[in-house]
Amino acid sequence: WLKKHVPALKNCGTSIGFDIDENGETSLKTANFCRKRLCPMCQRRKSLKVYGQIMRLAEHLSGQYLCLHLILSRPNVYANRLSNEITELYKGSSAFFAEKPIKRAFKGVLRCLEVTYNERRGDFHPHLHCLVFVNRSYFTSRDYLKHGKLVELWQKHVGVPADVYVRKVDEIEKACAEVAKYCTKPMEIIETKPEKVTEIYEILDAALHSRRLLQSYGVVKT
């Protein structure tokens with residue numbers, strides 16, 4: 001993995017060209033960014049771009065809808081199960097959001113994958129952060145779904161044990177940042193487990209290859 005990817009990571013962002021307009025304002029014109037998912041620089045740039053897009057989306061929808069922060073998770077898995085676990089999370093969440101009570105209550109969803117590494121146990125925790133848009137009358141309507149019902153529907157599609165965290169969003173900036181943040185945290189891995197960087201990167205690279213990290217439903221997709 002190192003021989004294949006390190007040259008690109010090492011040279012990422014070493015050549016950057018700007019245009020300067022008549023007012024002296026600069027704009028990025030060219031750059032040799034590597035665009036690899038495990039590159040700290042490219043992940044940060046991607047995260048900032050996605051954050052800006054999600055903020056504009058949330059601001060556009062906030063006049064008509066309330067926003068919830070929803071996390072769908074299952075227990076941690078070891079490396080040999082990570083890729084299959086992500087696949088099962090994706091399939092399970094697609095089925096979960098297709099449930100009639102969910103479709104009736106959730107008018108739009110933005111789903112994002114995050115994978116964290118537990119350095120003490122040496123396992124991985126893939127989970128889904130979601131921004132959910134509901135009618136402003138959601139909490140007083142018949143469409144309201146209690147936490148227990150959400151857990152029941154989630155476990156129906158991904159098995160037991162599995163958990164759901166949900167809360168109303170009061171500070172949209174924080175919620176958007178949570179959903180838009182890095183799928184993985186390369187620098188955190190480098191700092192906490194430098195001797196295992198190659199091994200962990202190989203595992204994550206294989207598990208995330210060709211994965212679509214953001215998925216939208218309902219009014220968000222529209």
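The side chains of R81 and E85 are joined by a salt bridge, with a nitrogen-to-oxygen distance of 3.4 Å; a salt bridge is taken here as a side-chain nitrogen of Lys or Arg within 4 Å of a carboxyl oxygen of Asp or Glu. The model is a predicted one, in which local features need pLDDT of at least 70 and side-chain atom pairs count only at pLDDT 80 or more, whereas totals for chains, interfaces and linings use all residues. Residues are numbered from 1 along each chain as its sequence is written, and side-chain values use heavy atoms, with hydrogens and water left out.

R81 and E85 lie four residues apart in helix α3 (residues 79-98), and are therefore separated by about one helical turn. Helices (H or I, at least four residues) and strands (E, at least two) are DSSP runs, numbered from the N terminus. R81 is partly exposed, at 29% relative accessibility, whereas E85 is buried, at 2%; buried denotes under 20% relative accessible area, exposed over 50%, and partly exposed the range in between (1.4 Å probe, protein chains only).

Nine salt bridges are found in a search of the whole structure. In one of them, the side chains of R121 and D123 meet at 2.9 Å, N to O. R121 is partly exposed, with a relative accessibility of 36%, while D123 is buried at 5%. A further salt bridge links K149 to E152, whose closest N and O atoms are 3.5 Å apart. Both residues belong to helix α5 and are three residues apart, about one turn of the helix. K149 is partly exposed, with a relative accessible area of 31%, and E152 is likewise partly exposed, at 47%.

An open sheet is formed by five strands in the order β6-β3-β5-β4-β7, with antiparallel pairing; two strands pair if DSSP finds at least two bridges between them. R111 stands opposite C130 in β5.

Helix α8 (residues 197-208) packs on the sheet, where α8 touches β4 and β5, and the direction of α8 makes about 155 degrees with that of β4. Axes are lines fitted to C-alpha atoms, for helices over the stretch in contact, and angles run from 0 to 180 degrees between N-to-C directions; contact means heavy atoms within 4.5 Å. Helix α5 (residues 147-158) lies across β3 (65-73), β4 and β6, and runs at about 140 degrees to β6.

Two packed helices are described by the angle between their axes and the distance between the axes. For helix α2 (residues 40-61) and helix α6 (residues 172-180), the axes come within 9 Å and cross at roughly 135 degrees. This makes α2 oblique to α6, where angles under 35 degrees count as roughly parallel, over 145 as roughly antiparallel, 65 to 115 as roughly perpendicular and the rest as oblique. The residues that meet include S47, V50 and Y51 in α2, and I172, E173 and C176 in α6.
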